[in-house]
Amino acid sequence: MRSHLLNDTTAEHYRRSVTEGVERVAAKLATTERPFTGVTVDALSPLIDRIDLDRPLHDTTAVLDELDEVYLRDAIYFHHPRYLAHLNCPVVIPAVLGEAVLSAVNSSLDTWDQSAGGTLIERKLIDWTNERIGLGPHADGVFTSGGSQSNLQALLLAREEAKPGPGGWQGPAGLAALRIFASEVSHFSVKKSAKLLGLGPDAVVSIPVGADKRMQTVALARELERCEESGLVPMAVVATAGTTDFGSIDPLPEIAALCQQFGAWMHVDAAYGCGLLASLKHRSRIDGIERADSVTVDYHKSFFQPVSSSALLVRDADTLRHATYHAEYLNPRRMVQERIPNQVDKSLQTTRRFDALKLWMTLRVMGADGIGQLFDEVCELAAEGWKLLAADPRFDVVVEPSLSTLVYRYIPAAVTDPAEIDRANLYARKALFASGDAVVAGTKVAGRHYLKFTLLNPETTTDDIAAVLDLIAGHAESTWETPLTALPEPATKTHDFVGIGLGPFNLGLACLTEPIAELDGVFLDSKPAFEWHAGMFLDGAHLQTPFMSDLVTLADPTSPYSFLNYLKEKGRLYPFYIRENFYPLRVEYDDYCRWAAGKLTNVRFSTTVSEVTYEDEDEVYVVHTEAGDEFRARHLVLGTGTPPYLPEAVAGLGGDFIHNSRYVQHKAELQAKESITLVGSGQSAAEIYYDLLSEIDVHGYELNWVTRSPRFFPLEYTKLTLEMTSRSTSTTSTPCRSTPATASRPSRRASSRASTATSSTTSSTCSTRRRSAARSPPGCSPTPR
């Protein structure tokens, strides 16, 4: 096996193998006619599943043949001019050459003694970028894995710089006072970073945007004043130079002035808009960025670099000390005095690729002007695309582009139900992707579904844009049997029923009623997709009802939405049978439900119901949504559960409480406690108890289980009508389930932060006093299943 190690004796083998691989990719690029083949998950999964990784092929050519079948043939090719979806750019050849070099040499950029020249090249590129931004003579930075990591590190520095006084933070109370301000269309990593940094759920204040999708600085000023008046700390303002959805650029000079006035750290997320740093024509669009305290750049977006190639830049090099940790084996403190340049002193990562080499090769071959010219071309293409959309009556375009993004949606000639227009646009995107002719993205604007072009390929033309718009219109029209242009103005529709909430009960009802032509129903759910108890996805945990108790089989064994049909389509019918255990796993049941929901046309996700009224004259219910839509129906089906519940008898006992629907997410937090008590007698309580019991010797906590029931009742011992399987249909249904919860006493070493663990809808928690398992205190009595 040593013949596969890259060294002086295998250099020729390396040359032949890499050349053969490069030739395969080059041939594929030269003959690719579409950005995607349209292959489905169900078609590709069996090809991957059948490969036995414990039986190697021992031949590079054979492996490349196999790779063509499972990857290269069906890969999504960003270089194609009709790939118009996400922030994925075609890459320049000098950067790909750099990728080949850095992979083979395999330098690690954490310490000087692992990288040498690589360290200096990265530092030179950081200085170059800082000069382009204009951050000043004391600026510094470090390469990162991407924009999300850069934003996280920037906010870490901002948090540490906001510390009050020499004593610093005194526990969670200090962190709770911090506030971050970002526009309502800023990147999700801002909120994610706040959570990772231990800030409270209210830490990120969302600032509204105007019609141009830029942060409203009047609103920002008002929120900063309110923060100051409330005795809170304005930790940071995150301005975006190129929002993911719209490419909009916040008013950087005005934001900088407000940050200076209120003493807030100014971070500019220019992951997308950093291409303007090299622009020959449009650099002024990010004027004000030079006043930032930190800046995120993603060279792998608008500098045409392969993933990953990103950096965090800071105005004051000294602030990077907040990410420094000295390890004796790696970067001991003495190395600082010896002036040994270890990049790990600045980074959240330890081992780190030499990604900077790709940008270095690009600049040395093409120059910054070459990069800027390419980015200018896509910005100008977007401007032309906007003119096309604005002049086309079939489409509604949201905002004139600041960079290279266009957000729009198809509007039929005949005025139709907004929900139906949503459905047409969702279907058009899905059908276009399945065809492989083009790839576009999607988003939501004011609660409605829109499509999105992200133009990052200079090879894309206005003819490509026009052709894709025609394809979208054609697919959207095909959602109706008759072209929309031929339809009369529709009257307000009254459904036979409207279902509110989409748990397994209503999903089963949706599956059973959709094939009935004489019955018209629609189901509304606020979530973006079906979701079922992810907090209880324990390894190996299965339902206590067999597969026949699925969404439909007990009512209609011939239904196409049966669990057996799901297994057949997934290519897993035989493995399920041979397992000789006919109780589906929890994760398997969730995937089955998602599969069924994805096939239905009578389901509306991302639809939040705000009010239900009743019209006596017409004898109909009117369901109002937050987006302003109305659904009229003769009957309602309410899929409602109950919220986590703390009985009065145990209120005030102290401790932390976690509903079991969040158990998996909070398991580690629970296990850090001194004592854990489960309340409830259902399946989830048993699974959590067993899961915690199996690791009790590792963590040393006390474990109690409290229930009013005399013993554990498996689900199969109760009536099927109490749970998630098929039932007879009624006009109004309110499923009633009890679910356990855990109460945990804070460890002597840990802070008492809230924690929750339970399964479906109702949860109750009890005292953290020491008790033996299975005792039932008065007043603590969730209904057994």
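Which residue in β18 is the bridge partner of Val623? The views below come from a predicted model, where local features need pLDDT of at least 70, side-chain atom pairs count only at pLDDT 80 or more, and totals for chains, interfaces and linings use all residues. Residues are numbered from 1 along each chain as its sequence is written, and side-chain values use heavy atoms, leaving out hydrogens and water.

**View 1. Strands β17 and β18 run antiparallel.** Here is the reply to our opening question: Val623 has Phe631 as its bridge partner in β18. Four bridges join β17 (residues 620–625) to β18 (residues 630–638). Strands are DSSP runs of E with at least two residues, while helices are runs of H or I with at least four, numbered from the N terminus.

**View 2. Six strands make an open sheet with mixed pairing.** Follow the order β15-β14-β13-β18-β17-β16. Two strands pair if DSSP finds at least two bridges between them. β15 (603–604) and β16 (609–615) are at the edges with a single partner strand each, so one side of each has no neighbour in the sheet.

**View 3. Helix α22 packs against helix α23 at an angle of about 40°.** α22 covers residues 663–671 and α23 residues 683–693, with their axes 12 Å apart. Axes are lines fitted to C-alpha atoms, for helices over the stretch in contact, and angles run from 0 to 180 degrees between N-to-C directions. Tyr663, Lys667 and Gln671 in α22 meet Ile688, Asp691 and Leu692 in α23; contact means heavy atoms within 4.5 Å.

**View 4. Asp464 sits in helix α17 (residues 462–477).** Its relative accessibility is 10%, so Asp464 counts as buried (under 20% relative accessible area, with exposed over 50% and partly exposed in between, using a 1.4 Å probe and protein chains only). Leaving aside residues up to four places away in sequence, Asp464 touches Pro81, Arg82 and Glu459.
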